[in-house]
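This report describes a metal site and the ring contacts of one structure.

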Amino acid sequence: MAYNLIQFQQGMSLPDFFQAFGTESACCEAVLRARWPGGFVCPRCGSAAHCVLFSLGRPLFQCHACRRQTSLTAGTLFAGTKLPLTKWFLAIFLISQAKTGLSALQLMRDIGVSYPTSWLLHHKIMTAMAAREAQHQLSGMVQVDDAYLGGERAGGKPGRGSENKVPFVAAVSLDGLGHPRFAKLTPVPGFTNQAISTWAQANLASGTSVLSDGLACFAAVTDAGCTHTVEVVGQRKPRDLPQFKWVNTVLGNLKTMISGAHKAFAYAKYADRYLGAFAYRFNRRFDLSDLVVRLIVDVCRRPATPQRVIRQA
Ligand SMILES: [Zn+2]
């Protein structure tokens with residue numbers, strides 16, 4: 001039997017994870033390296049000379065030049081947290097490795113916190129993932145499709161345009177061998193020329209070759225300097241269309257994640273987070289060990305976001 005090398009990769013085991021990030025001091029060290037890769041620099045005056053005090057067990061840096069005290073976690077997603085960083089890091093690890101998603105309820109049991117705390121951690125970490133995903137554009141050959149969250153199926157064409165669903169664009173770029181490389185899943189106000197034009201300018205590099213079905217609005221990708229090829233789908237099933245194989249595969253995996261781990265959530269409020277978190281994992285699936293380390297860095301570098309903002313979305 002031929003093993004799928006991506007599916008069967010080792011990743012980072014729980015013992016490996018605890019070895020690397022199992023203590024509060026190891027987690028503090030990781031936050032320090034992520035925030036100040038070249039060593040601590042005072043955010044007020046830019047001086048590097050400092051001493052380290054401790055407050056509630058966490059480092060507090062005092063600048064020799066201006067005397068300002070800077071806490072390790074002030075200004076980050078961890079700001080004001082009463083939880084040990086080891087719990088945060090374990091949550092990051094579990095979320096990063098859960099290909100089929102991880103519910104806030106499961107996270108609550110796994111890390112031993114209350115449900116509201118688990119929900120907040122989950123959403124803060126997903127926010128960091130979605131923000132990171134929003135920074136890059138797709139290029140080369142890209143398959144696109146229109147899809148909905150909250151429909152009978154994540155990628156469902158039936159019911160296109162019906163109510164109580166969040167429309168989003170699913171796009172997958174291919175490498176030179178026709179293998180999927182990166183995915184982007186972006187909520188849009190609707191499938192209009194204006195919405196697709198705006199989406200394409202933000203998410204596609206100029207010169208991208210876009211393949212879509214016959215939905216008229218996708219022609220607007222040319223506004224972003226992309227070329228556009230139409231494959232009329234008609235009444236055929238998506239599985240009968242090799243041209244759309246990868247975008248359909250991604251939508252199938254997304255459907256599995258939503259129906260398995262999350263069942264239902266406030267789609268309209270939180271769609272961008274769930275879609276961004278899914279794409280984050282998908283785009284880093286080639287190296288699951290590296291994925292943990294990258295996500296730790298991305299979470300540590302994310303600015304503080306008050307609970308009120310996380311809940312309101
Ligand atoms: Zn200073």
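The donor residues of the zinc ion follow the spacing C-x2-C-x17-C-x2-C in sequence. They are Cys 42, Cys 45, Cys 63 and Cys 66, each coordinating through SG at 2.3 to 2.4 Å; donors are N, O and S atoms within 2.8 Å of the metal (3.2 Å for Na, K and Ca). The angles at the zinc ion run from 101 to 116 degrees, which makes the arrangement tetrahedral (four donors with all angles between 85 and 135 degrees). Cys 42 counts as buried because its relative accessibility is 3%, whereas Cys 66, at 21%, counts as partly exposed. Buried means under 20% relative accessible area, exposed over 50%, and partly exposed in between, with a 1.4 Å probe and protein chains only.

The model is predicted: local features need pLDDT of at least 70, side-chain atom pairs count only at pLDDT 80 or more, and totals for chains, interfaces and linings use all residues. Residues are numbered from 1 along each chain as its sequence is written, and side-chain values use heavy atoms, with hydrogens and water left out.

The whole structure holds 12 aromatic pairs, that is, rings of Phe, Tyr and Trp (its six-membered ring) with centres within 6.5 Å; planes under 30 degrees apart count as stacked, over 60 as edge-to-face and the rest as tilted. Two of them are tabulated.

| Pair | Centre distance | Plane angle | Type |
|---|---|---|---|
| Trp 36 and Phe 61 | 5.6 Å | 75 degrees | edge-to-face |
| Phe 191 and Phe 218 | 6.5 Å | 55 degrees | tilted |

Trp 36 and Phe 61 are both buried, as are Phe 191 and Phe 218.

Key:
Four donors count as tetrahedral if all angles lie between 85 and 135 degrees; four count as square planar and six as octahedral if opposite donors are over 155 degrees apart and all others between 65 and 115; anything else is irregular.
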